Amino acid sequence: MKPSDAQNSTYNTPSGVRVHRSATPCDPEILTELVSSVEFRRGGVLSSGMEYPGRYDRWHLGYVDPCLEVATRGRRVTATALNERGRVLLPVVDRALRTAGEVVDTGPDQVTVTVPEADPGEFFTEEARSRRPSVFTAVRALLDTLRSPEDTVLGLYGAFGYDLAFQFEHVERHIDRDPGDRDLVLHLPDALVVRDRKRETCVRYTYEFTVPARGDRPETTTEGLPRTTEPTPPVVATEVPAGPEPGSYAEIVAQAKKRFRRGDLFEVVPGHRTYARCSSPARFYENLRERNPAPYEFFFNLGEGEYLVGASPEMFVRVSGEPGAGRRVETCPISGTIRRGEDALGDADNIEELLASVKEKSELTMCTDVDRNDKSRVCEPGSVKVIGRRQIEMYSRLIHTVDHIEGTLRREFDALDAFLTHMWAVTVTGAPKTWAMRFIEQHETSPRRWYGGAVGVLNFDGSMNTGLTLRTAHIRDGVAAVRVGATLLYDSDPEAEEKETFLKARALMETLAQGEEQDAQKSRPPKVVEESEPAPPPGAGMRVLLVDHEDSFVNTLADYVRRHGAEVTTVRYGFDQALLDRLAPDLVVLSPGPGLPEDFAMDHLLDALAARGLPVFGVCLGLQGMVEHAGGELSTLDEPVHGKPGRVEVLGGELLAGHGEGGRFQAARYHSTYTVPEAVKHFEVTAVLDGEKGEPPVVMAIEDRAARWYAVQFHPESILSAAVGEGIVARALELARR
């Protein structure tokens, strides 16, 4: 969201629209006036009150009276001209949207299209899932038609709702939705104020658009047209609903622990809502910035009586860099929370306790493993890196541990692909994501709406900066709804997790109460790629089929395989087995997954692989399915182990030969189902759990060298297996060639 170094400029977009930008220095106080205006007219204010070197800078940006609005309800996309300036651009927007959907309605001020579902016969691999038809097909068309590589300010600003994810993942609805609710609202502002606190500059950028003649329509321009829009409905106070019943969240935690035990979930992040009165969203925003500075502070008037005010600590997806040169994709997942101390010494004690917590470390480990998996779908092989691990971030009431992860976007993908592959962050859903979202839908009592989605900007230069809608109030009819959640693991204590949710809501609830006590008229002052080995990689020229069992780590596995030169095609389980003959893979990789092998009818697939004599490499659930297929038996651990290290003892075989010191190494465990050596049939057991904690001799690896079938119970793609993971994947490729 930083301004371009260029000031006044003129350029043409791909659709032929001529854009003229003027830049004028201005007093930073104009932003205070702008905040007050956004309470009564559509607009947005975004700021960062935190500075962490290499991650966040302090800046402040705002606009009011955008000329265009794009909103979605389900698969219906509506573009609305909010003034005469918007009407000039609407024909260009109309043409872009028509390429993405079927026109439902059109007029001088509005065009609506419906984006159809994908043709049932159309096949999409998991690598192409972000290009499935969705409302983002229309958003991408609009971004492409107004593309302006030289301008880092102009773009679409607004909010992305949680339910947008359901256009990509099948999650049965259990919570009633209001059909009038919007899932996405984006503004096209043509005047913005940007304050860079680091450079100590404040600039007002204004834009004029000239649309070329087309058919019988003459050239039109926004020059001389007023920028004002119609005011939004005033805030009218209504009765404040009651909050959640005491103990209700603890009961959800108890239900989640049953699912962890079965292996359906590794972690999950359900939430619940509290309520408070809010007679002035603008005042609430200013007070919140002062009391609870955060990297992503925002205030949006979305029209139709809806406001979003938040101070989110967590980046969602940020994409930067020159197009075509490998853009940088960043995220900063947060997991691990403890309250602030009374003073600096108390903070230090609490930080030490937080860093020593095995549970809190497991929470963040799982979040980061899933996040790396998300990036691996769209990033260059080997480019996904953890550049900050369990770093401490301190806020007004809480201390968090944060990881910082980056990757290099593959050239065939854009910022929207990066955005969609992370939808939604594991820190607000859980892992595996799809199963976690199903649990949330079954156990929360109201739709999430904007919570767990994102706010920010899609710039027309192809960059993006978005934050998660956490620590956010959704304000309507004078009532602020604040939804909060906690990251649950099998180790979670129900009562403690419920208390944590109210602790997270505390800063917002106290600020809302403060605002209502203030005089309504009182104003407040604004506060490096490694060189390849000369020898060809072990997977060079190989075709690998990766079977996805609705898992959250499959793309990281795919990335590990691609790093060794193989071509990977990823498909969800249950595919037509004729695909095996069409692709003729050199190796089939069975991914991890939630649940049990029977949930995915794995026996049928293994029969087909055996009949074709195809090599197989199974991971976690893959190993369990192979054991059962050969007549072996599975059991359930007394306590599941998710996102935790285990010490593996190598007994022999080819796959793990040479790994670790003295035949032992650390690897990541994410399972509750297991087998023991005496329960395995046909396969050779080549590794077991070291057993230092008195656990049964859990099988960690099996082999059938004649069939070229190999499997491991641990996760080689996890950061906890970093010392051995890539080498094991490389060895699996080598063995498949034999």
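User: What does Pro-645 touch, leaving out residues up to four places away in sequence?

Analyst: Pro-645 touches Gln-666, Ala-667, Arg-669 and Leu-720. Keep in mind that this is a predicted model. Pro-645 itself belongs to strand S32, residues 635-650.

User: Why is Pro-645 called partly exposed?

Analyst: Its relative accessibility is 41%. Buried means under 20% and exposed means over 50%, with partly exposed in between.

User: Why does Tyr-207 count as buried?

Analyst: The cut-off for buried is under 20%, and Tyr-207 has 0% relative accessibility, so it counts as buried. Tyr-207 sits in strand S12, residues 201-211. Leaving aside neighbours within four places in sequence, Tyr-207 is in contact with several residues, among them Tyr-11, Arg-85, Asp-151 and Thr-222.

User: And why is Glu-497 called buried?

Analyst: We use the cut-off again: 3% relative accessibility is under 20%, so Glu-497 counts as buried. You will find Glu-497 in helix H10, residues 494-517.

User: What makes the pair Glu-497 and Ser-492 a polar contact?

Analyst: The two side chains come to 2.8 Å. A polar contact needs a pair of N or O atoms within 3.5 Å, one able to donate a hydrogen and the other to accept it. The 2.8 Å pair is within that limit, so it qualifies. Beyond four places in sequence, Glu-497 also touches other residues, including Tyr-249, Val-253 and Lys-359.

User: How do you know that helix H9 is largely enclosed by the rest of the structure?

Analyst: Count the buried residues: 8 of the 11 in H9 (residues 433-443) are buried, so the helix is largely enclosed. Among them are Trp-435, Met-437 and Phe-439. The cover over the buried residues of H9 includes helix H4 (248-262), helix H7 (358-376) and strand S23 (430-431).

User: What makes helix H5 mostly covered?

Analyst: In H5 (residues 281-291), 9 of the 11 residues are buried. Phe-284, Tyr-285 and Leu-288 are among these buried residues.

User: What makes the phi of Asp-65 worth a look?

Analyst: Most residues other than glycine have a negative phi. Asp-65 is not glycine, yet its phi is positive, near 60 degrees. Asp-65 lies in the loop between strand S4 (59-64) and strand S5 (68-73). At 4% relative accessibility, Asp-65 counts as buried. Arg-449 also has a positive phi, near 55 degrees, and its place is the loop between H9 and strand S24 (454-459).

User: Which kind of peptide bond joins Met-423 and Trp-424, cis or trans?

Analyst: That bond is cis, with omega about -25 degrees. Most peptide bonds are trans. Trp-424 lies in the loop between H8 and S23. The bond from Ala-431 to Pro-432 is cis too, with omega near -15 degrees, and Pro-432 is in the loop between S23 and H9.

User: How many helices and strands does the chain have, and why is the chain called as compact as a globular protein of its length?

Analyst: The chain has 15 helices and 36 strands. Its radius of gyration is 27 Å, close to the 27 Å that the globule rule gives for 738 residues, so the chain is as compact as a globular protein of that length. Of those 738 residues, 62% count as buried. The C-alpha trace spans about 80 × 65 × 45 Å along its principal axes.

How values were computed. Residues are numbered from 1 along each chain as its sequence is written. This is a predicted model: local features need pLDDT of at least 70, side-chain atom pairs count only at pLDDT 80 or more; totals for chains, interfaces and linings use all residues. Side-chain values use heavy atoms; hydrogens and water are left out. Helices (H or I, at least four residues) and strands (E, at least two) are DSSP runs, numbered from the N terminus. Buried means under 20% relative accessible area, exposed over 50%, partly exposed in between (1.4 Å probe, protein chains only). Contact means heavy atoms within 4.5 Å. The radius of gyration is taken over C-alpha atoms; the globule rule is 2.2 Å times the number of residues to the power 0.38.
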